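Please look at the sequence and the model first.

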Amino acid sequence: MSPHAPPLRGSLPPEGADPPWGGPAADHMTLQLWGRLSSINVRKVVLCAQWLGIELPRTDAGMGFGVVDTPAYRALNPNGLVPVLQDGDFTLWESNAIVRYLCARAGRGYPADLQQRADAERWMDWQQTTLNRASGPAFVQWVRTPPERRDMATIAASVRASEPLFAWLDAHLSQRPFMAGDEPTMADFPIACELHRWFGLPQPRPTWPHLERYFAHWLAQPSAKGVLDLPLS
Ligand SMILES: N[C@@H](CCC(=O)N[C@@H](CS)C(=O)NCC(=O)O)C(=O)O
């Protein structure tokens, strides 16, 4: 490949390629997402992109797909995690940062009003640092752990930590249709994906009518196809 050939979608630079690898690509070809769709953090980005109507080519990476431990991938994301977004020669990791970037880039879902934007960002941070931390262990035990090794005490602790947070979210959504007000914003994608994951676990849960209404709304959107209708894995 010529050192200045346009980058192939979903391909990493050859070992030792000189930066900038590939050179600029046509605008409609600049976006590329790395990450397996079984990841909540990848799903939120794909849901966001589909809602924005952005064409976002995606290459599976992570867990069984590998890729994340290659030097070329580590050059994109030293954390070795998914997702990673490439926009031309700009690389971005951290799923919520990617959601913010895509919304701002598209001029939709990224509130112009400072306080509304801060409100949306606050919920995104809360999803990542509080809700995801509480709910993750139950998901890992139910979905990623063989039954003979499943630790029901870990699941119980995760449920105890998560249910008050979901109850609080239910109260929040009793007052407004979307996370940051009357219209969807970037804050809705991480939260809708958390609900998809929690509601998909094979365990009973309290009745949260506003969360049910909210999740049903997102599930019915064309942008949810291939994301929120996927089984957990
Ligand atoms: N805070 C990061 C977390 C990224 C993360 O933990 N990604 C997980 C999947 S949800 C991962 O890459 N796991 C390793 C793998 O898939 O190989 C983000 O939101 O992007």
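Which of the 13 residues around the ligand come nearest?

## The ligand shell

Ser39, Asn41, Gly62, Leu81 and Ser95 come nearest to the ligand, out of 13 residues around it. The elements α1 and α3 each give two or more residues to this shell. Sorted by class, the shell consists of six nonpolar, six polar and one charged residues.

## The chain as a whole

The model is predicted. Its chain has seven helices and four strands, and along the sequence they follow the pattern β-α-β-α-β-β-α-α-α-α-α.

The chain has 233 residues, and 34% of them are buried. Among contacts in the chain with a separation of 6 or more, 64% are between residues 24 or more positions apart.

## Helix α3

Helix α3 takes in residues 95-106, twelve residues in total. At 1.5 Å a residue this helix should span 16 Å, and its end C-alpha atoms lie 17 Å apart, so the two values agree. After α3 comes Gly107, with a positive phi near 70°.

The buried residues in α3 are Ser95, Asn96, Ile98, Val99, Arg100, Leu102 and Cys103. Ser95 is also one of the residues that come nearest to the ligand.

## Two helix pairs

Two packed helices are described by the angle between their axes and the distance between the axes. For α4 and α6 the angle is about 10° and the axes are 10 Å apart. Angles under 35 degrees count as roughly parallel, and α4 and α6 are therefore roughly parallel to each other. On the α4 side, the residues that meet α6 are Trp123, Met124, Gln127, Leu131, Asn132, Ser135 and Phe139. Their partners in α6 are Pro190, Ile191, Glu194, Arg197 and Trp198. This contact of α4 with α6 has seven nonpolar, three polar and two charged residues.

The other pair is α5 (residues 152-173) and α7 (residues 209-220), which pack at an angle of about 75° with their axes 7 Å apart. That angle makes α5 roughly perpendicular to α7. Phe166, Leu169, Asp170 and Leu173 of α5 make the contact with His210, Leu211 and Tyr214 of α7. By class, the contact of α5 with α7 has five nonpolar, one polar and one charged residues.

## Backbone exceptions

Most residues other than glycine have a negative phi, and most peptide bonds are trans. The peptide bond from Val82 to Pro83 is cis, with omega near 5°. Pro83 is placed in the loop between α2 (71-76) and β3.

Which phi values do Val67 and Glu94 have? Val67 has a positive phi near 75°, and Glu94, though not a glycine, has a positive phi of about 90°. Val67 lies in the loop between β2 (58-59) and α2, while the loop between β4 and α3 holds Glu94. A residue is buried if 20 or more other C-beta atoms lie within 10 Å of its own. Val67 has 21 other C-beta atoms within 10 Å, so Val67 is buried. Glu94 has 17 C-beta neighbours inside 10 Å and therefore counts as partly exposed.

Note on methods
Residues are numbered from 1 along each chain as its sequence is written. This is a predicted model: local features need pLDDT of at least 70, side-chain atom pairs count only at pLDDT 80 or more; totals for chains, interfaces and linings use all residues. The expected span of a helix is 1.5 Å times one less than its number of residues. A residue is buried if 20 or more other C-beta atoms lie within 10 Å of its own, exposed if 12 or fewer, and partly exposed in between; C-beta atoms are placed from the backbone. Axes are lines fitted to C-alpha atoms, for helices over the stretch in contact, and angles run from 0 to 180 degrees between N-to-C directions. Angles under 35 degrees count as roughly parallel, over 145 as roughly antiparallel, 65 to 115 as roughly perpendicular and the rest as oblique. Two residues are in contact if their C-beta atoms, placed from the backbone, lie within 7 Å. Ala, Val, Leu, Ile, Met, Phe, Trp, Tyr, Cys and Pro count as nonpolar, Asp, Glu, Lys and Arg as charged, and the others, Gly among them, as polar. A residue is near a molecule or strand if its C-beta atom, placed from the backbone, lies within 6 Å of it.
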